[in-house]
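Let's take a friendly walk through this structure, starting with pairs of charged side chains and ending in a pocket. Keep the model open beside you as you read.

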Amino acid sequence: MSLNKTPRSSRMHIAIFGRRNVGKSSLINALTNQDISVVSSTPGTTTDPVYKSMELLPIGPVVIIDTAGIDDTGDLGTLRVQKTEKVLNKTDIALVVIDHHVTDFNNELKLIKQIEDKKIPFIIVYNKIDEQAYQIPNILSDYKVIKVSAKTQEGIKELKETLGHRVPVDDYKFQIIGDLLHPSDIVVLVVPIDKAAPKGRLILPQQQVIRDCLESDATAIITKEHELRNVLNNLHKPPKMVVTDSQVFSRVSADTPNDIMLTSFSILFARYKGELETLIKGTNMIEALDNNDKILISEGCTHHRQSDDIGTVKIPRWLRDYTGKDFIFEHTSGGGYKEDMSDIKLIIHCGACMLNKKEMMHRINLAKAQNIPILNYGVLIAYLKGILPRVLEPFPLAKMIYNEREET
């Protein structure tokens with residue numbers, strides 16, 4: 001997978017904020033040396049966040065997000081500003097753009113406060129220095145300000161270099177599975193091919209785990225669930241680990257000897273994109289659920305649902321079968337949670353393969369702030385199938401938290 005094919009969810013998210021007509025779109029074009037964003041002197045040209053995946057040196061693969069003006073007005077303008085503010089939930093680093101036309105800084109200071117509250121690194125970009133004499137306002141003296149001209153490219157190199165030093169790279173260096181492996185280890189990946197699988201390709205988590213195995217100089221063997229036993233019997237040495245799709249946990253667990261570690265793609269991504277330990281704690285709520293409790297099943301993307309869809313059909317069925325109780329299920333996809341969650345007893349989230357870590361952590365933190373237990377598909381299914389302790393063997397801290405839960 002080349003850098004320009006890096007999934008959006010694994011790219012650094014750099015968002016550009018500012019008033020209408022301060023040159024946000026022009027700045028993006030200057031940073032990328034491409035005519036990516038429409039540039040116009042008409043205020044409000046950018047009405048919705050615009051995402052562009054690209055490579056930005058010296059950072060590497062990034063997503064640049066162009067947003068609507070933070071000073072937009074009217075009913076539609078208010079909605080646009082709200083969409084702009086929601087972009088903060090997935091932003092790894094923010095650029096706040098101003099120019100010499102800005103004389104009061106109420107909108108900017110409000111935005112900066114939101115950025116600081118979310119602990120997002122940011123840079124203030126003073127644009128259009130080619131137009132007239134300028135002086136950086138004293139009110140911005142406590143912040144890092146880079147002076148640029150998107151039109152002449154002056155200051156753009158310095159801005160790129162500053163970006164390279166400010167980005168929080170740790171989240172994007174964390175491995176999905178590679179830190180659990182050594183060179184020459186064998187990993188068997190169990191990949192069912194069902195109606196939900198896209199024709200001609202594997203789903204994104206499977207692709208990414210394969211790539212991470214190869215990056216770690218390990219060997220990945222891919223098979224379907226009904227071939228697993230033959231594959232294990234034919235190997236000259238046992239694999240380090242078996243990783244399976246959660247939906248075939250029971251069969252794969254039965255066919256995998258106990259001395260071979262077993263986990264799932266979804267549990268790997270719970271650690272990679274969020275907090276596996278928090279999701280393990282969410283299992284406490286399952287036994288406490290009662291009839292007619294509301295459960296929110298949330299997915300990070302929108303997709304065409306099949307007749308036996310995991311989120312709307314299988315998980316509700318498995319929960320009812322396990323508990324013997326009937327629940328009220330609500331569903332969200334793509335855009336996040338609903339505004340009022342006061343009636344929600346439990347959140348069950350997908351593996352978040354289409355979300356970046358910043359957005360998944362935002363969703364986890366929203367649940368924490370409202371004291372709503374949260375877990376993900378893989379954790380839930382392993383729990384319901386009675387094999388969660390086993391699939392947590394590769395993750396000592398999560399296993400310890402689960403054991404403490406059992407003891408209490």
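Lys 110 and Glu 85 form a salt bridge, with their closest N and O atoms 3.7 Å apart; the term stands for a side-chain nitrogen of Lys or Arg within 4 Å of a carboxyl oxygen of Asp or Glu. This pair links distant parts of the chain, since Lys 110 sits in helix α3 (residues 106-117) and Glu 85 in helix α2, 25 residues apart. Helices here are DSSP runs (H or I, at least four residues), numbered from the N terminus. Lys 110 is partly exposed, at 49% relative accessible area, and Glu 85 is partly exposed too, at 25%. On this scale, buried is under 20%, exposed is over 50% and partly exposed lies in between, using a 1.4 Å probe and protein chains only.

Before going on, a word on the source: this is a predicted model, in which local features need pLDDT of at least 70 and side-chain atom pairs count only at pLDDT 80 or more, while totals for chains, interfaces and linings use all residues. Residues are numbered from 1 along each chain as its sequence is written, and side-chain values use heavy atoms, leaving out hydrogens and water.

The whole structure holds 22 salt bridges. Another one joins Glu 215 to Arg 211 at 2.7 Å, N to O. Because these two are four residues apart in helix α6 (residues 204-215), about one helical turn separates them. Both Glu 215, at 49%, and Arg 211, at 31%, are partly exposed. Shared partners also build a network of salt bridges from Arg 20, Asp 71, Asp 72 and Arg 80. Within that group, the side chains of Asp 72 and Arg 80 meet at 3.4 Å, N to O; Asp 72 is buried at 11%, whereas Arg 80 is partly exposed at 22%.

Now look at the second largest pocket, with about 960 Å³ of space. A pocket is an open set of points on a 1 Å grid over the protein atoms alone, where a 1.4 Å probe fits and protein lies on both sides within 12 Å along at least five of seven lines; lining residues have an atom within 4 Å of a point. Its volume is the space filled by probe spheres set on the points, which are joined across faces, edges and corners. Of the 35 lining residues, Lys 86, Asn 89, Gly 335, Gly 336 and Glu 359 are closest to the centre. Helices α2 (74-87) and α12 (357-369) are the elements that give two or more residues to the lining.

Helix α12 also contains Arg 363, which is buried at 2%. Its contacts (heavy atoms within 4.5 Å) include Gly 335, Gly 336 and Tyr 337.

How values were computed
Lists of a residue's contacts leave out its neighbours within four places in sequence.
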